[in-house]
Amino acid sequence: MVLVILLCGSSLAFAQRQVFARARWISPAFAEDSLHRPCLVFKKGFSAGKKLKNATLAITALGLYEARLNGHRIGDAYFTPGWTSYATRLQYQQYDITKLLTADNMLKVTVGEGWYRGKFRGAKERDNYGSAAGLLAVIRLLYRDGSVAYINTDHSWICTTGPIRYSEFYDGELFDSNVKMQKWRAVKISDHTKNILVPSEAPPVKQHERFKPVRIIETPKGEQVVDFGQNMAGWVRLIISGRKGDTVRLAHGELLDKAGNFYNGNLRTAKAVDIYVLNGKPQVLEPHFTYHGFRYVKVTGFKATKNNCTAVALYSNLKPTGTFECSDPLINRLQKNIEWSLKSNFLEVPTDCPQRSERLGWTGDAQVFAATASFLMDTQTFYTRWLKDLAAEQSVDGSLPKQIPSVYPYQTNTYGIAGWGDAATIVPWTVYRCYGNTSILRQQYASMKSWLHYIGTKSKDGLWTEGGYGDWYAPGANTDIGLIDQCYWANSTQLLLNTASVLRQEADLEIFKNQLAAIKQAFVKTYVRPDGHLTADTQTAYVLALQFDLLPDHLRAKAIARLVELIHENNDHLATGFLGTPYLLPVLSRFGYSALAYTLLNQQTCPSWLYPVKMGATTIWERWDAIRPDSTIQEVSFNHYSYGAVGQWLYENVAGIKAGSPGYRTVIIKPEIGGGLTWAKASYQSRYGLIRSAWQVEGGHVIMQVSLPKHTTAVVYVPGKAPVKLKSGNYEFHGILNRLQK
């Protein structure tokens, strides 16, 4: 059981000093292997003494830890203490261990490499945050007579290495069952600071769904490959018995190639192989400090069956909040793919991918997907903690690294990128809109302002032309990066203006209003041609200009008309990348082109959302053509949630559930019925209760069902009838089907 602590400000710093007041950081006193560092094992024996009332363990590590008391694993969380901006914020956890205690006790803590000092980043550099592993822990024994005793990490502990010969996120784990923990040696006291300690704030990583093999294949190459039927992040658990010294290898991959052979050519430098050396007895084996992105596993060293191997999904323990389903099975599979890319990449931080030698908290990916993620799962504490690390990583000039937490040294060309750094404003505002809690805005306000200040220092003549990644992986023509910069500058300024209004920062309001007007004026002057078209004649250019309201009213009609022309010229297919795609369908719907939005959604040829579904995808791909129509594989990620941002349109426009005010205190129910769908339904568990919207077409009529929780009101748009205002309750409406005109 994990104890939850809610503290803030100076009281938090005081609390951590009190928790670990007597404990000291300890590290091994012996030299470690320089090539493959086995996981360290620290231990301490102690007596419980008198009759206990309760006992707690507070613990953290430089690296990752797994603690066992008297042979029993403490807690069900993985990859603790978690991944934060280690230079300024290191989490600790507290556990109730009362029921695990006996008269005489042995606490053993295994410490793995993890993000702190393991091989990480693209080139698998070591020691990104520090070179020495460390453990800090204290057991607090509260006796029935009211007295208290403490067992602290100090010189009395001893250390050795154990059967985990190495365990790395990219390369996997080598576990030798025959290695005995011997030659226990002294520890040394480290002077690592305790001032950075903070209580664990977000839901930890836990085991979730388990998958049995859907088939076991002998490939054309004669290899044994297990297909678990679902791409995921996690590992494989084995139930196995073999001869002592036998070696079993599990290689992980997302695909079979077009010849039907195991493929892992997209993993870059990640080996993604777990190796077990057996001890001759029945064993249950799974890794400890690594995970993989995979659907397929190439197995050598034993005969795999549907009974002896299980895939285990790992992700942060977020509560599901949203559901969506409709009459089209392909769209339902798309929805499932979005869910699984979220689960696969919400592992401690919002990562870009779970499989290759990357797995980093890319800010651009995070911001485009935040709204969709917040329908599917309760992301409030997850993003709140991540945003604290974003603020911690922000440079003094206000610029931001492209990944949070950052594992790269400061580089001016990778800080301050439009669409990536704008996570500083977009994610806090998204969280506020979804949950209605102003604390996230107060927490991030200084960071938001600092980001806008940075852009201002880099602008010239009212234009921001910083450069960057642009509309990443767009299949169409490149969109001028300067235009994208200006659009995102305007959007972040608008969000900061909104935030200042919510927080009643009156002194800032006039400043941001004037700044926004100047940004828009410079945009029109620089990027709008005399005929009303944009200088960058791409789908993304028009989508961003319309979504972020860069154009005056009299130019919007020309802009949306040109966007529609571009879509038709592209054979009614999208041509947008990471930055344009999330807003493409919402913009079309906003300006009355819902029928065309449905046309794009329903396309099954590349590029489209349903093309990967037709190709057998079970997650969202990084590129629209990650597998080409001829089955040629491109070396990209096949589990990358960015294009899954279309989920927001499915909930808000197809099912019609949209927040009318922050936190869904008021709701707008306005489904757009079309696209050949005969029914759709969605639900969302808001802070007030369950919101439901469902519709079905019967002949020329529409039957709508709406449920609203207590303390919630809604405006419901029934097709062919006037809008109605409702309080909480369950309702059914009958409307007249209006065919979408555009």
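Predicted model: local features only at pLDDT ≥ 70, side-chain atom pairs only at ≥ 80, totals over all residues.
Helix H4 covers residues 363-376 and has 14 residues. From the first C-alpha to the last, H4 reaches 19 Å. That is close to the 20 Å expected at 1.5 Å a residue.

Helix H7 (residues 439-458) was examined against helix H8 (residues 481-502). Their axes come within 10 Å and cross at roughly 145°. The crossing of H7 past H8 is left-handed. On the H7 side, the contact is made by Leu441, Tyr445, Met448, Lys449, Trp451, Leu452, Ile455 and Gly456. H8 contributes Trp489, Ser492, Thr493, Leu495, Leu496, Thr499, Ala500 and Val502. By class, the residues of this contact divide into eleven nonpolar, four polar and one charged.

H7 was also examined against helix H9 (residues 506-527). Here the axes come within 13 Å and cross at roughly 35°. H7 passes H9 in a left-handed crossing. Tyr445, Lys449 and Leu452 of H7 meet Asp508, Phe512 and Gln515 of H9. This contact has three nonpolar residues, one polar residue and two charged residues.

Conventions: Residues numbered from 1 in each chain as written. Heavy atoms only, no water. Helix = DSSP H or I, 4+ residues; strand = E, 2+ residues; numbered from the N terminus. Expected span 1.5 Å × (residues − 1). Axes fitted to C-alpha atoms, helices over the stretch in contact; angles between N-to-C directions. Left-handed = near helix turned anticlockwise from the far one by under 90°. Contact = heavy atoms within 4.5 Å. Nonpolar A, V, L, I, M, F, W, Y, C, P; charged D, E, K, R; others polar.
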